[in-house]
Amino acid sequence: MKFLKVFFLVLGISILIAGCGGGGSNIVATGGGGSNQPTTGLVIGKVYDADTNQFIEGAVVTCGILSDTTDVVGGYWIDSVSAGNQTITATATGYDPYSNSMTVLAGETNSHDIYLTQSINSVTLYSTADAYVSDGSPNSNYGSAGGLSTGEVDFGGPSYTSYRAFVKFDVSSIPANAQITKATLYLVAGRNSVPCDRTSSATVTISEVLNTSWTENGLTYINMPSTFKWIYSKTVSNFDDCTSHQHSFDVKDAVQDWVTGTNPNLGLSIKSSSIWNAFYQIDYDYCTIYSKEVSAGAGPWLYVEYTN
């Protein structure tokens, strides 16, 4: 019996020694955990229009070296982005590029929404046709004149003599899908041939021509357009001044109509109200606007900003 106890004790010790000794392949490492710790993170978010807060579909978002394209609700999903500081960028047609830095946390979902600003394009357009008409000479054409007369004059007759100017621009260089954000008409006005009232002002009305096509060398009072869409009016100081002044008018709505094809591009009408002229002691607003015949760039011009 004593012999058996000794035998089993020795056998147990042997087994224990065999299980613990030298068997490195049977030991599971638990220290440090380096190979089991995540080293990447998930980056998600949405891309918006900075002005409208609308989703932007089709934007390309890149974080590190990985990219995704936004879906119909502006969403993107970039998995397995290396943890740490990363550069995130976004591009979309019609928008300025976006770039920023972010910290990607390993094993985490990292949210990053992006707001893109629409790219602003600009163009300056000079008049392709300009002329004025007068009911005092209803059959006369003034397309080659160096000035564009506008306004009304009381010559002492039963009614005023009326003048109206017309100007046309070619906007075909602006894409049909463009959104016009700004369109300013510039006119240089000043009458130099007759006395004028330097303290006067006039209400100048810009209208969009709707119903009749016209040409610079064919326009008369008899055949001038008769249907207009009001675009902009403002009171202009010193419009009836002997000294030349540059004046600006907001014509964004008209340019948008032409670009989208809402209305045909038949140009603009320029009409000024009659005013009291201290020199003549009569209502006398006969202002001359420089036409394109004066010199290159001196006539009416448009400055347009747009996005697309």
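**Ground rules**

I am working with a predicted model, where local features need pLDDT of at least 70, side-chain atom pairs count only at pLDDT 80 or more, and totals for chains, interfaces and linings use all residues. Residues are numbered from 1 along each chain as its sequence is written, and side-chain values use heavy atoms, with hydrogens and water left out.

**Entry: the patch**

The accessible areas come from the Shrake-Rupley method with a 1.4 Å probe, and for residues only the protein chains shown count as cover.

I then placed Val73 in the loop between strand E3 (66-69) and strand E4 (75-82). Helices (H or I, at least four residues) and strands (E, at least two) are DSSP runs, numbered from the N terminus. Val73 counts as partly exposed because its relative accessibility is 33%. The scale is this: buried is under 20% relative accessible area, exposed is over 50%, and partly exposed is in between (1.4 Å probe, protein chains only).

**Entry: the whole chain**

I stepped back to the protein chain and found 2 helices and 20 strands. The chain has 308 residues, and 41% of them count as buried. Its accessible surface comes to about 15,900 Å², with 53% of that belonging to carbon and sulfur atoms. I also looked at contacts (heavy atoms within 4.5 Å). Among those between residues at least 6 apart in sequence, 73% join residues at least 24 apart.

**Entry: salt bridges**

How many salt bridges are there? I used the rule of a side-chain nitrogen of Lys or Arg within 4 Å of a carboxyl oxygen of Asp or Glu, and the count comes to 3.

One of them joins the side chains of Glu216 and Lys292, at 3.4 Å from N to O. This pair links distant parts of the chain, 76 residues apart: Glu216 sits in the loop between strand E14 (201-209) and strand E15 (228-237), and Lys292 in the loop between strand E19 (282-290) and strand E20 (301-307). Glu216 is buried, since its relative accessibility is 14%, while Lys292 is partly exposed at 28%.

Lys292 also forms a salt bridge with Glu293, where the closest N and O atoms are 3.1 Å apart. Shared partners therefore join Glu216, Lys292 and Glu293 into one network. Glu293 is partly exposed, at 30% relative accessibility.

I found another salt bridge between the side chains of Lys229 and Asp257, at 2.7 Å from N to O. Here too the pair links distant parts of the chain, with Lys229 in strand E15 and Asp257 in helix H2, 28 residues apart. Lys229 is partly exposed at 30% relative accessibility, and Asp257 is buried at 9%.

**Entry: Asn263**

Is Asn263 buried or exposed? I found it buried, because its relative accessible area is 18%. Asn263 lies in the loop between helix H2 (252-260) and strand E17 (268-272).

I checked its polar contacts next (pairs of N or O atoms within 3.5 Å; within protein, one must be able to donate a hydrogen and the other to accept it, and residues adjacent in sequence count only if both atoms are side-chain atoms). The side chain of Asn263 has one with Glu208 at 3.3 Å and one with Asp257 at 3.1 Å. Leaving aside neighbours within four places in sequence, Asn263 is in contact with Glu208, Leu210, Lys229, Asp257 and Trp258.
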